[in-house]
Amino acid sequence: MPIKGLLPLFLVLELLSSIENVYATVYLNDANTYSFTGGDSYYSAISPPIPASIPLTISYRLSNVDLKLGSTPSMIAVLWSAPSQVTLRGFQLSSEIAANGFGKINLTTFSSGDSGYFHLTPQSLMIAPDPSVWTISNIVISYILNDDTQSSMQYQASQLRSAFNIQTVAANFALNYDCNVFDAKGMCISAGGRYTTIDNPGINNSAAVVTLGYKVNPNIRIGAYLDQNINISKPAGINMSNNTPLMGLYAVWNKEQSGLGYQVRLANTYQDKDVTSTRTVFDTSEAGSGKSSLQSQSYLAELSYAFQYEDKTLVRPYAGLRYTHLKQDGYTEATSTTVTDPLTVAALRDKGTTALLGVKINRNLTDKATLTGQLGLEQDLYHKVDNYSATDLNASDLTD
């Protein structure tokens, strides 16, 4: 008996969303809180030396200041060559402070080219009258990775999309697996295969499928299935392997013992794969590589009504809801002789609830052969995908 679930003719593929900035070396990450009076300033030595002409970000938080009175408070950031502030080096830029005390200075270039002493000096700052001190904390100086690394991350996001898509389509397909021809003991077993292909970026895989069924009573059947990959072709930079086969459970209730009339179907799937991602090199970027787990879960609730059309055709209009949740764990790229600045890639989640509407048709070709087709529409009711983001190892605690 062939497996009943067939690949829907209309597929909705999930896409990864935009990429955040990727932060590189942190030159200063000072989580301490410092207290000052009046116009005193904060300074600290920064190391290692800052290369020339890189985008620099300075963030900090002020407290115990009056942000409502007087002119808008701001901070001047300066890099001096020594604590005595004899020689001005680098930059001098004003930055407004948000109502919650957080401030950030973004510089497109930095020309110093060496280390020094970093100063933050308040300008137009209204000190709270009691006590008459102001505090500064959470000072971070970092730079955003160059365009080449950003390009490699953008490209990697496109390639990683294929891993999410192939797992989503396989899980959605498996929610339709069924086995409903029973022996005298109410048991059913079927074996078959699955082939899935996706474009842009291209990926395809083939799998062996085993489905079990058990007839609880004339109106209820339950079952389970295993879907094991046999072969998978991957886009550049993505390597996928199975920790476990795709597996799932299903339960079906029919109002009529004949299978006609109303039917309720519940099903779920689970899968866990290892995904190794290797970034493509763009000029000065590095071929960083890391391994993580990609897990998927999906759940289906479906209501249908079957009726006979002519002698050999069964028509089953259906409506349902499907919930899908994919999660890729975060990982850190391995350090090597060619990868000296590995990235820590954040975890990714993709959640969605989808409404389904369509029709399934079974056509008896012979006494032992049945042709099954399915045509449907899908509409996302809710869909949320995390941003694909990464930080330098030293910037793992950096937040925007």
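This is a predicted model: local features need pLDDT of at least 70, side-chain atom pairs count only at pLDDT 80 or more; totals for chains, interfaces and linings use all residues.
Residues are numbered from 1 along each chain as its sequence is written, and side-chain values use heavy atoms, with hydrogens and water left out.

Let me start with the chain as a whole, whose secondary structure comes to one helix and 22 strands, where helices (H or I, at least four residues) and strands (E, at least two) are DSSP runs numbered from the N terminus. Of its 400 residues, 46% count as buried, and buried here means under 20% relative accessible area, with exposed over 50% and partly exposed in between, using a 1.4 Å probe and protein chains only. If we take contacts (heavy atoms within 4.5 Å) between residues at least 6 apart in sequence, 72% of them join residues at least 24 apart.

Now to the interior, and to the nonpolar cores, each a set of buried Ala, Val, Leu, Ile, Met, Phe, Trp, Tyr and Cys residues joined through side-chain atoms within 4.5 Å. Which residues touch the most other members of the largest core? They are L160, M240 and Y388, out of 21 residues in that core. Two or more residues each come from helix 1 (147-174), strand 14 (238-254) and strand 19 (343-345), and helix 1 gives the most, with seven residues. Apart from this core lies another, of 17 residues, among them A170, A171, C179 and A267.

The link is left-handed, with -75° about the S-S bond.

Finally, please look at T354, which sits in strand 20 (residues 348-364). Is T354 buried or exposed? T354 counts as buried because its relative accessibility is 5%. Its side chain makes a polar contact with the side chain of D380 at 2.9 Å, where a polar contact is a pair of N or O atoms within 3.5 Å; within protein, one must be able to donate a hydrogen and the other to accept it, and residues adjacent in sequence count only if both atoms are side-chain atoms. Leaving out residues up to four places away in sequence, T354 touches G320, L321, R322, E378, Q379, D380 and L381.

Methods:
A disulfide is a pair of cysteine sulfur atoms within 2.5 Å.
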